[in-house]
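Q: Please examine the structure shown below. The discussion that follows sets computed values against the definitions behind them.

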Amino acid sequence: MSAVFTRRTALRRAVGATAAAALGPGLLRAPLAAADAPRTTVQLLGTLAGTDARRAHGAGARTGSALAVLVDGDTLYLVDAGFGALTRLLQAGHEIKNLRHLCVTRQTIDHNADLGTAMLLAWSSGRNASGANADRRLGVTGPAGTEQHLRDLRRQQALTIDDQANALGQTPAFATYARPRDVRPPAGRSVIAYRDEVVTVRALRTLSAGAPALAYRIQTPDRDVVFTGSTGRRADLAAFARGADTIVHEVVDEQRARDAARTLGLGARATRRLIAERATPAAAARLAARALAQRLVLAGLVPGDTSDARWKRLAGNAFHGKLQVGHDLDLL
Amino acid sequence: MSIVVDGELYLLDCGVGTVARLLAAGLDLGRLRHVFITHHHADHNADLSTLLTLAYTSGAPDITVHGPEPTARFVTTLRDLQRQTIGAAEQLGARRRFTATTRSAEFPLTGPVTAEGQTVLDDGRVQVTAKVVDHGGVPSVAYRFRTPDRDVTFSGDTGGRTSLADFARGSDTLVHEVIDYPTVYAALVATQGGASQQFLDHLQQDHSSPEVCGRAATDAGVPTLVLYHLIPAATGYPDALWRSHVAPYYQGNVVVAKDLLAI
């Protein structure tokens, strides 16, 4: 079906054959009826960082960085959309039409590969009848380069976008629908990156220079989650993260990342950068302890095939809360 | 769709989920040499940027992307779209630049490609021919892959106005897209009160009915017909129903495609 994803979206909607029908155990929970039921579901979609996708295939496959935050069962926020994020999103039973806002920590492929596709898919999930839902918008916030990324995407996918608009009458225009915004917090200070009646998202700059990155803190009515992205070694997230219930921290296993880089043929400089852009598990544990978090989740892993036991060993004993090694589709 | 010949990987189209599926299937991006795009609707190219970027950063050998317009623009824009990832790999790695290792082989939709089909690759392992099909206003082709022991034709997205019978004649397998329009229409009416006439026309005219698929397979004399690009999508729609729709027009072996199915 052509233009953009009408084949998947229209038919998934029309025939009612959503992935939710095939939900396996451990995936999305049905909304609970009790008055004190949690309003927010936080789910890891992808848990791999870096570009060494070959390390993470097979049964324990990890896909690129991505986190889903679902509020009240029908309002969906996505933090990062690395390679495979959309596959995981649908696998988990989330519906793209529920997507309210996206936040990207970094414009590299482990964090943004599925961003453009997610936006195209969300756009074409709207009704095709001319005029219907013409006021729909979808925002994406990210570090400097996010607006440029969407411009490049529109240029690259002009044929499919134009065809969806002209031949199928999709409204509004994609350029109107997709609202990217570069967020540039001053050094060491967080800013509100996004807010609506359900969530508030704050952003803190972590990496700068040629590869700017943001950490996010996502506050919903009943959850408070920090998603660090690539932090490098100098960023101090303790004040930013203090009081969050959960910290999802990108980490590197230095020794095994070095070994992996060697088998890939990465040069010494590239290997140093791969490692320097990420925190060690021990540093993540120290941060979680200082921030008084209840739970630390290691996700955004480099490399993707270090064992859970080794990650926990590397994290050491600094953090006394719940320490968890994240896997794709884990509910947090 | 992937085709493996002597351990080398050839990929046909690259829609959303392709990279995840490739990795899940254990197929090594390092073995990828050629990608063929039938047309540039996003459900056929959405993962192409990711695939080419990861192949480059993983040290894969040179890759050529074949396809109709705008394949060339797609590949050159990718260098901008993923400038941070590719730029870092170029700057820090020992490899040649992305634009030197990742090339497009866009072919114009004129000449033989519009009539009987035209060879777009012959690398000693596989010969690939392309033929123009009718998918509304978007440049679209079908491909035929001849390997030492297989001969498979893929329809791409095509309406019923032009039959693939001549192009597919002699293949051992015809992989054909299919739509059950009456079911789709009824579902659209039931769930959202219908759809715009443009959209309905597109569904009906730019995709192929089971009758079109069955007749093409019969006229081409192929022993096996694989139905793919199923509309409605496979979940909740029984294979037996597809078979019964095709049965009046084709007596051969019918396979209903699934993700990761080996044929």
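Q: What conventions apply to the model and its numbering?
A: Residues are numbered from 1 along each chain as its sequence is written, while chains are lettered from A and ligands numbered from 1 in the order in which they are written. The model is predicted, so local features need pLDDT of at least 70 and side-chain atom pairs count only at pLDDT 80 or more, whereas totals for chains, interfaces and linings use all residues; side-chain values use heavy atoms, with hydrogens and water left out.

Q: How many helices and strands are there in chain B?
A: Chain B has 11 helices and 12 strands. Helices (H or I, at least four residues) and strands (E, at least two) are DSSP runs, numbered from the N terminus.

Q: Why is chain B called as compact as a globular protein of its length?
A: The radius of gyration of chain B is 19 Å, close to the 18 Å that the globule rule gives for 263 residues, so chain B is as compact as a globular protein of that length. The radius is taken over C-alpha atoms, and the rule is 2.2 Å times the number of residues to the power 0.38. Along the principal axes, the C-alpha atoms of chain B fill a box of roughly 60 × 45 × 35 Å.

Q: Why is Asp157(B) called buried?
A: Buried means under 20% relative accessible area, exposed over 50%, and partly exposed in between (1.4 Å probe, protein chains only). Asp157(B) has 0% relative accessibility and therefore counts as buried. Asp157(B) lies in the loop between strand S9 (151-154) and helix H7 (165-168) of chain B.

Q: What makes the pairing of Asp157(B) with His39(B) a polar contact?
A: A polar contact is a pair of N or O atoms within 3.5 Å; within protein, one must be able to donate a hydrogen and the other to accept it, and residues adjacent in sequence count only if both atoms are side-chain atoms. The side chains of Asp157(B) and His39(B) are joined by such a contact of 3.4 Å. Another, also given as 3.4 Å, joins the side chains of Asp157(B) and His135(B).

Q: Why does Thr173(B) count as buried, and which side chains does its own side chain meet in polar contacts?
A: With 4% relative accessibility, Thr173(B) falls under the cut-off and so counts as buried. This residue lies in strand S10 (residues 173-179) of chain B. The side chain of Thr173(B) makes polar contacts with the side chains of Arg150(B) (3.3 Å) and Asp172(B) (2.6 Å).

Q: What makes helix H3 of chain B mostly covered?
A: In helix H3 (residues 48-57) of chain B, 10 of its 10 residues are buried. Among them are Leu48(B), Leu52(B) and Tyr56(B). Just after H3(B), Gly59(B) takes a positive phi of about 80°.

Q: Why is Leu120(A) called buried?
A: The relative accessible area of Leu120(A) is 1%, so this residue is buried. Leu120(A) lies in helix H4 (residues 115-124) of chain A.
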